[in-house]
Structure formats: structure tokens, C-alpha cells
Amino acid sequence: MVETSRYRWVVLAVGTLAQAATAAYFLGLAAVTPALREHFGLSLAQVGVLLGVISAGIVTTLFAWGSAADRFGERGVMAIGLIGAAAALGTTALVASPVAAGALLIVAGAFGASVNAASGRAVLTWFPARRRGLAMAVRQTSVPVGAAVAAVALPAIADGEGGVPGVFAALAAGCLLAAVAVAVWVREPPNAPDRGSRPAAKARTVLADRRLQRLSLGGALLVVPQFLGSVFLVEVLHTGHGMSTAAAGALLAAMQVLSAMGRLGSGVWSDRVDSRLGPLRIVAVAVTIGFALSAAAYAGPTGLLAAVLVPAAALAVSWNGLVFTAAGELAPPGRAATAMAVSNTANYVGAAVTPALGGVIADAAGWPAMLATGAVAAALAVLTLRGLRDGADQPARCLPATAPQNTRNRS
């Protein structure tokens with residue numbers, strides 16, 4: 001028991017590293033949008049499309065990877081996906097055509113999707129309910145932390161001798177490192193089912209669950225302000241207000257650090273109040289207010305805009321762990337990874353659309369209109385999540401119905 005209690009933290013650490021490696025290219029490339037535009041000869045809307053296609057790749061395979069993780073376990077799924085992502089990113093470093101780069105980034109997203117549901121399933125499998133919010137929050141901090149590291153490192157690489165090809169080579173190396181760590185250290189818990197056994201519940205049962213549908217829609221709406229803030233923060237401050245790219249990149253990194261702290265805080269908060277959805281609704285309200293204030297502050301001095309927008313963007317990144325954990329806890333037995341994949345698919349649909357939409361709105365109506373769009377989407381998420389209740393928890397929901405399960409008492 002002691003060994004199992006300690007080893008779960010090893011699994012969590014490796015899953016966190018793997019998710020950080022994929023976040024580095026999924027979100028970190030936003031830190032070098034000016035370099036990408038110059039290297040590939042792209043407009044603002046076109047670079048938004050280039051970044052958005054990564055999400056399109058993720059959407060196409062996320063459900064399949066989740067089902068595979070439920071059936072075959074996490075290690076093989078994550079290792080194969082990370083190696084495939086590394087190969088696609090490494091090849092991107094060799095091409096000069098934006099069309100070829102976009103196709104390869106779709107492939108990188110498709111392989112990187114393996115990490116999302118599989119690493120989340122590992123947390124649900126290894127950790128008890130009373131610690132799951134914190135554990136999932138630690139795992140989810142890998143996204144802003146990976147993006148923050150990329151926001152600091154990638155501009156330096158892009159501005160140096162490596163240029164944009166060096167950026168993609170560095171991202172490929174990160175994925176390879178994570179793949180090795182997964183292959184060496186990740187294993188199934190003692191009570192896991194035999195690999196290759198089919199989960200008790202059908203995949204279509206997960207798709208038909210109305211609670212998961214509402215949760216997924218609410219998450220997809222919250223992705224809009226999340227990606228408007230993450231992808232365009234540098235552009236808003238640099239192109240819109242004349243801030244240097246180095247200073248704007250530093251603020252993007254600071255925003256990602258703040259969002260990581262927010263994810264940890266929301267995880268602890270959800271454990272203490274025994275609810276994922278209550279804190280989620282409060283965060284959605286705060287995001288609505290933050291982006292509305294950012295739209296209004298755009299007309300003011302740069303310092304005021306940064307002081308409002310950076311915290312608002314950080315809040316918009318802080319909620320993912322709550323949705324991810326709630327999806328797993330709402331899942332039928334044996335389908336936790338599948339349910340999280342459904343929720344994440346909705347999120348990535350929003351992520352695929354948002355950068356291009358944000359670029360179009362900014363070009364047509366200006367940056368304040370783009371920021372106001374984030375506020376409207378967050379307000380719609382509040383309405384969508386209204387009245388939705390948490391699932392009755394079963395710590396072993398990722399296992400078949402015959403596996404021993406515990407129930408979390410609710411008052």
C-alpha cells in the first residue's frame with residue numbers, strides 16, 4: 001500500500017511532463033506568432049488558422065485515443081502519441097510552405113491528443129476522490145507551465161540562429177523526452193483490468209449522456225476567452241499598443257504562471273467544497289467580468305490594459321481541471337477516459353475555431369470587439385452550466401463495473 005501511495009506521484013509527475021510537452025506546441029507557438037508570420041508570409045487571420053489546425057488534429061483522434069486508453073492502458077497510448085508528435089514537429093522544421101506546415105501540425109495535434117485523456121485516466125485510477133481535485137490540478141498545471149516555458153524559450157530560439165525551424169526542432173525534442181519518461185515510468189495500478197478487456201459501458205452511452213453534453217458545451221464556450229487571451233495577448237499588446245515583443249512575451253509567460261496557480265487553487269477549492277461544478281460556475285462569471293473590463297480598458301494606457309487583461313486571461317485558463325475531473329466523475333464505469341475525451345473534443349473544437357475567429361474579428365472590428373467576444377462566450381457558458389450537478393463519485397470509474405469501488409459521501 002505504501003509503495004502504491006508513493007508511486008502514484010511518479011505517475012502524476014510523468015503524466016504532467018507529457019502534457020507539458022504537448023502544451024508547448026499547442027499553446028507555446030502563440031509566443032512566436034510574429035516570427036511565424038514573417039517566416040511563412042502570413043496575415044494575422046492566417047497565422048490564427050495555422051495555430052488553430054493543431055486543435056483540428058486533436059479533435060479528429062481524441063475520442064479514439066480515449067477509448068484506447070480505457071481498453072489498453074495509458075503507457076502505450078501516450079508513448080506512441082508522443083513519438084508521432086515528435087516526428088511531425090521535426091518534419092515541420094524542414095518545410096517552408098505554410099500549407100505543408102499546417103498539414104504537419106494537424107498530424108502533431110492528432111498524435112498529441114493521446115496524452116490528454118490517457119494522462120487524465122491515470123490520475124482518476126491512481127488517486128482517491130479526496131485528493132483527486134488537487135492531483136488533477138497538478139496535472140492540468142502542466143498546460144500553462146509548458147506554455148510558459150515555451151513563451152520564454154521559443155522567442156529566443158526564433159530570434160537566434162535556429163529561427164522558426166529551430167523552434168519546431170526544440171518542440172520535437174521535448175516530445176521525445178516525454179515519450180521516454182512515459183515508457184520507463186508509467187504503469188497500471190494494482191486493481192487495473194486486464195489489458196485488451198472491453199469496458200462495461202458502451203461508448204455511445206457516454207455520447208448520449210445529457211449531463212456530459214452540457215458540461216462539454218460549457219467547456220467549449222469557456223475555451224473562447226481562454227484562447228483569445230492566450231493566442232492574441234502578445235498581438236494585442238504589441239500590434240495594438242506598441243509594446244515590445246519581448247515585454248509582451250514576458251507578460252504571456254507571467255499569465256501562464258498565474259493560470260497554473262489558478263488551476264492548483266481551483267483543484268484544492270473543489271476538493272474542499274466537494275464539488276467541481278460550483279467553483280467552475282464562479283470562475284466563468286469572473287472570466288465574463290474580466291474580458292468585459294479588458295475590452296473597455298483597451299482605449300486606456302497600455303499599463304492599464306495589461307493590468308486588466310493578464311489576470312483575465314489567466315482566469316480563462318484556470319478552469320480546465322474542473323471540467324476534466326467532472327467529466328471523469330460523471331462517466332459510466334470503465335469509460336472515464338472516453339468521457340474526458342468527449343469533453344476535451346468539445347474544448348478542442350472551440351480551440352480550433354477560436355484563433356481564426358479572433359483574427360477575423362480583430363481585423364474587421366478591432367481588438368476591443370475581439371475581447372468583448374470572449375466576455376459574451378463566458379456569459380453563455382454560465383447559462384449553460386446553470387443547475388448542472390456533480391456526479392456521484394466512484395474513484396474507480398475508469399475500471400469495469402466489477403472492480404471494487406468506493407463512494408464519496410455527500411451532504
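With a salt bridge taken as a side-chain nitrogen of Lys or Arg within 4 Å of a carboxyl oxygen of Asp or Glu, the count comes to 4 salt bridges. The structure is a predicted model, in which local features need pLDDT of at least 70 and side-chain atom pairs count only at pLDDT 80 or more, while totals for chains, interfaces and linings use all residues. Residues are numbered from 1 along each chain as its sequence is written, and side-chain values use heavy atoms, with hydrogens and water left out.

**Salt bridges**

- Side chains of opposite charge can pair when their charged atoms come close.
- Arg 276 forms a salt bridge with Glu 329, with 2.8 Å between the closest N and O atoms; because Arg 276 lies in the loop between helix H10 (245-273) and helix H11 (277-297) and Glu 329 in helix H13 (residues 320-330), this pair ties together parts that are 53 residues apart in sequence.
- Helices here are DSSP runs (H or I, at least four residues), numbered from the N terminus.
- Arg 276 also pairs with Asp 271, where the closest N and O atoms are 3.0 Å apart, and through shared partners Asp 271, Arg 276 and Glu 329 are joined into one network.
- Arg 276 has 0% relative accessibility and counts as buried, and Glu 329, at 1%, counts as buried too, where buried means under 20% relative accessible area, exposed over 50% and partly exposed in between, for a 1.4 Å probe and protein chains only.
- Asp 209 forms a salt bridge with Arg 211, the closest N and O atoms lying 3.2 Å apart; Asp 209 is buried at 16% relative accessibility, whereas Arg 211 is partly exposed at 36%.

**Cavities**

- On a 1 Å grid over the protein atoms alone, a cavity is a set of points where a 1.4 Å probe fits but cannot get out, and lining residues have an atom within 4 Å of a point.
- Grid points are joined across faces, edges and corners, and a volume is the space filled by probe spheres set on the points; by this rule there are 6 cavities of 30 Å³ or more.
- The largest cavity holds about 260 Å³ of space and is lined by 25 residues, of which Phe 26, Asn 116, Val 143, Asn 320 and Tyr 348 lie nearest its centre.
- Two or more residues of the lining of the largest cavity come from each of H1, helix H5 (98-126), H6, helix H9 (210-240), H13 and helix H14 (336-365), and H1 gives the largest share, 5 residues.
- The lining of the largest cavity divides into 13 nonpolar, 10 polar and 2 charged residues, with Ala, Val, Leu, Ile, Met, Phe, Trp, Tyr, Cys and Pro counted as nonpolar, Asp, Glu, Lys and Arg as charged, and the others, Gly among them, as polar.
- The second largest cavity has a volume of about 50 Å³, and its lining, which includes Phe 26, Leu 51, Phe 227 and Pro 355, has 8 nonpolar, 1 polar and no charged residues.

**Second largest pocket**

- A pocket is an open set of grid points with protein on both sides within 12 Å along at least five of seven lines, and the second largest pocket has a volume of about 270 Å³.
- Of the 17 residues that line the second largest pocket, Ala 20, Ala 24, Gly 146, Val 149 and Gly 174 are the closest to its centre.
- Helix H1 (2-26), helix H6 (129-159) and helix H7 (163-185) each supply at least two residues of this pocket's lining, the largest share, 7 residues, coming from H6.
- By class, the lining of the second largest pocket has 15 nonpolar, 2 polar and no charged residues.
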